[in-house]
Amino acid sequence: MAKEQRTFQAEVSKLLDIVAHSLYSNREIFLRELVSNASDACDKLRYAALTDDSLLDGEADFQIRLSVDAEAKTLTVSDNGIGMSHDELVENLGTIARSGTQAFVEGLSGDEKKDSNLIGQFGVGFYSSFMVSDSVTVVSRKAGEDAAWSWTSDGRGEFTMDEAQKDGRGTTITLTLKEDAVEYLEEMRLRTVIKTYSDHIAVPVILEGTQGAEGEEAEDQTLNTASALWTRSKSEITEEQYKEFYHHAAHAFDEPWLTLHNKAEGVVEYTNLLFVPASKPFDLFDQERKSRVKLYVKRVFITDDCEDLLPPYLRFLRGVVDSQDLPLNVSREMLQDNPVLAKIRTGLVKKILAELSKKAEKAPEEYATFWDNFGAVLKEGIYEDFANKDKVVELARFHTTKGDDMRSLADYVADMKEGQEAIYYITGEDLDSVSQSPQLEGFKAKGIEVLLLTDPIDEFWLPAAGTYQEKEFKSATKSGVDLDQVDGETKDGEDKAEDKPDTPALDKLIAQFKVALGETVKDVRPSHRLTDSAVCLVADADDMDMNMSRLLRRHQRLDQETPRILELNPGHSLVKKLTALAEADQSKALIDDAAFLLLDQARIVEGDPIPDPAAFSRRMALVMEKGLG
Ligand code: ADP
Ligand code: MG
């Protein structure tokens, strides 16, 4: 095959354009990215060689080598890892192969300064080399193959592929440095950058000695510690090193919120170096719910796609787990239903939940940010992990009607009113609208706390949670909530019974409403929960919660709306007036219209559509006209 010119995928061109003109001040991270890729390439070959050691071809010492040519102004990074074939070079370095980089492109705003900062936030991997280079040449030979290929580009829209000569397997990347980036030819600079970002890399990073002026050979020097970070003892590792390792292992660029570095000894032996990120990874709510934690066996990388290592509800964790007890020749398939792995998983889950619990207790404010990021994911554990359900429930934090602070269920129960039997909650789409729900009026008046639940997942864990400290969970938007039993701190002192119309008169109004509304409602009842609003809708005690059915209908899982109960507030002046009319057998048609209008009003407050907007407008106009005299 002869030389061929190819154009970058449009997104890559866009990205390269930003990278080349970037104002990003941490340009040195290009080296971290290249070393990180080289180390991944060594890991991949080491794993592949477990089943086919001919791939190593007698050369099992993995290395990453840096060399500089001061005259040519080039810096070369080479590795003897797995290498890339022709097609892999084209695919990996010509398209956006990785979703993290995709997220970078999607995040672009067009504002140069902001976009430059995104480089730090998402990382742009290999392409970051164009921050410091006028041109980049990659020569690669895949392990087990004879052909080598070169990939060259100046980062402006095109790259060239050509046949190449290369002695061993692996990848050699040569950067022709920009005029303002010649600092990366200096030994001191390279040493500092490698120490800062790549010390934790388990493969040695070697700087090749250059010939001095007098012609004497300088020695090669290893710049990093070159032992896997997690095998070192905690006291020897700095925060900075943990952070850089997290960046490498997680392909993330924020700070770790929590670092869990432990050695488990006992039934099974393993080391974990896990991180909880400080911000939400972009793929947190992917359908696959995959864990990204890397599994190593005796320091050999096995996979970062192991379903059984951690349950999906802990998929926000990043980092590595290294096992002593799995066989080195374990294949990814053998990991399914593996009893050793199951024990490791049990141990990890226990440890992680315990650490989260500690943090919740010691640093509630920091914990609140964690909960904000990952609470919705962690709550999946309440119905997916029966053994740890109670612990996860304890870790949950809630917004409630009590104020801005996040509350635990323990807080809630401790503050329950005399006579209060249940834990009340309301579910909906967002805090603002749920907290304004008319169904909460009576609770607020009596000072009864209600949990405000706004994650879609809440509808699913609630039924699984059962009870908490023997208290049932009850929806505030269902019938059968008896607030009269609860000894609340009624705002105006006592029940405003004298303001409420006589029961027989109210019964008459209700009877007429029922006839008018027919099948559209399940029942019409006087309300015990309303104080300010005239009406509200509630679900019958055994029916599906209203928010749940809304969710299901939106996802086409439910085609019919269940009829609801319309509650009337007997103390509301409008209801009182209607009651008087009904008692006097007057204005029958007006009462019928009022029944429909009030039902529609209740629907609007729920955020539900009005089934017949034309009829609604007609009635509304009629009633307004009457009101105007
Ligand atoms: P990422 O490392 O996050 O996947 P990069 O842009 O850094 O993204 O690299 C893109 C891909 O190019 C890598 O996933 C890998 O497949 C390939 N690659 C890059 N450098 C090397 C290398 N030195 N050896 C083998 N493959 C490499
Ligand atoms: Mg990379």
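I'm working with a predicted model, where local features need pLDDT of at least 70 and side-chain atom pairs count only at pLDDT 80 or more, while totals for chains, interfaces and linings use all residues. Residues are numbered from 1 along each chain as its sequence is written, chains are lettered from A and ligands numbered from 1 in the order in which they are written, and side-chain values use heavy atoms, with hydrogens and water left out.

**Entry 1: α2 against α6.** I looked at helix α2 (residues 29-51) and helix α6 (residues 187-198) and found that their axes come within 9 Å and cross at roughly 65 degrees. For the record, helices (H or I, at least four residues) and strands (E, at least two) are DSSP runs, numbered from the N terminus. Axes are lines fitted to C-alpha atoms, for helices over the stretch in contact, and angles run from 0 to 180 degrees between N-to-C directions. I noted the crossing of α2 and α6 as right-handed (the near helix is turned clockwise from the far one by less than a right angle).

Which residues of α2 and α6 meet? On the α2 side I listed Ile29, Leu31, Arg32 and Val35, and on the α6 side Leu190, Val193, Ile194, Tyr197 and Ser198; contact means heavy atoms within 4.5 Å. The residues of this contact split into seven nonpolar, one polar and one charged (Ala, Val, Leu, Ile, Met, Phe, Trp, Tyr, Cys and Pro count as nonpolar, Asp, Glu, Lys and Arg as charged, and the others, Gly among them, as polar).

**Entry 2: His200.** His200 has a relative accessible area of 5%, so I put it down as buried (under 20% relative accessible area, with exposed over 50% and partly exposed in between, 1.4 Å probe, protein chains only). Its side chain reaches the backbone oxygen of Tyr197 at 3.3 Å and that of Glu244 at 3.4 Å. I take a polar contact as a pair of N or O atoms within 3.5 Å; within protein, one must be able to donate a hydrogen and the other to accept it, and residues adjacent in sequence count only if both atoms are side-chain atoms. Leaving out residues up to four places away in sequence, His200 touches Ser227, Ala228, Leu229, Arg232, Glu244, Phe245 and His248.

**Entry 3: the five-stranded sheet.** I traced an open sheet of five strands in the order β10-β11-β14-β12-β13, with mixed pairing (two strands pair if DSSP finds at least two bridges between them). β10 (256-264) and β13 (300-303) are the edges; each has a single partner strand, so one side of each is left without a neighbour in the sheet. The twist averages 20 degrees from one strand to the next. β10 and β11 (residues 270-277) run antiparallel and are joined by eight bridges, and His261 stands opposite Leu273.

Two helices lie across these strands. α7 (residues 239-250) covers β10, β11, β12 (294-297) and β14 (318-323), at about 85 degrees to β11. α9 (residues 364-378) lies across β10 and β11, at about 90 degrees to β10.

**Entry 4: Leu356.** Is Leu356 buried or exposed? Buried, with a relative accessible area of 0%. Leu356 sits in α8 (residues 339-362), and its contacts beyond four places in sequence are Trp257, Leu258, Tyr367, Phe370, Leu378 and Leu395. Leu395 is 39 residues away along the chain, yet the two C-alpha atoms are separated by 7.5 Å.

**Entry 5: the six-stranded sheet.** This open sheet runs β16-β15-β18-β17-β20-β19, with mixed pairing. I went for β17 (residues 422-427), where six of six residues are buried. Ala422, Tyr424 and Ile426 point one way, and Ile423, Tyr425 and Thr427 the other. β17 pairs parallel with β20 (residues 471-475) over four bridges, with Tyr424 opposite Lys474. Four bridges also join β17 to β18 (residues 450-453), again parallel, and Tyr425 has Leu451 as its bridge partner.

**Entry 6: Tyr412.** I finished at Tyr412 in α12 (residues 409-414), buried with a relative accessible area of 1%. A polar atom of its side chain lies 2.9 Å from the backbone nitrogen of Tyr424. Among the residues Tyr412 touches are Ala422, Ile423, Tyr424 and Leu451.
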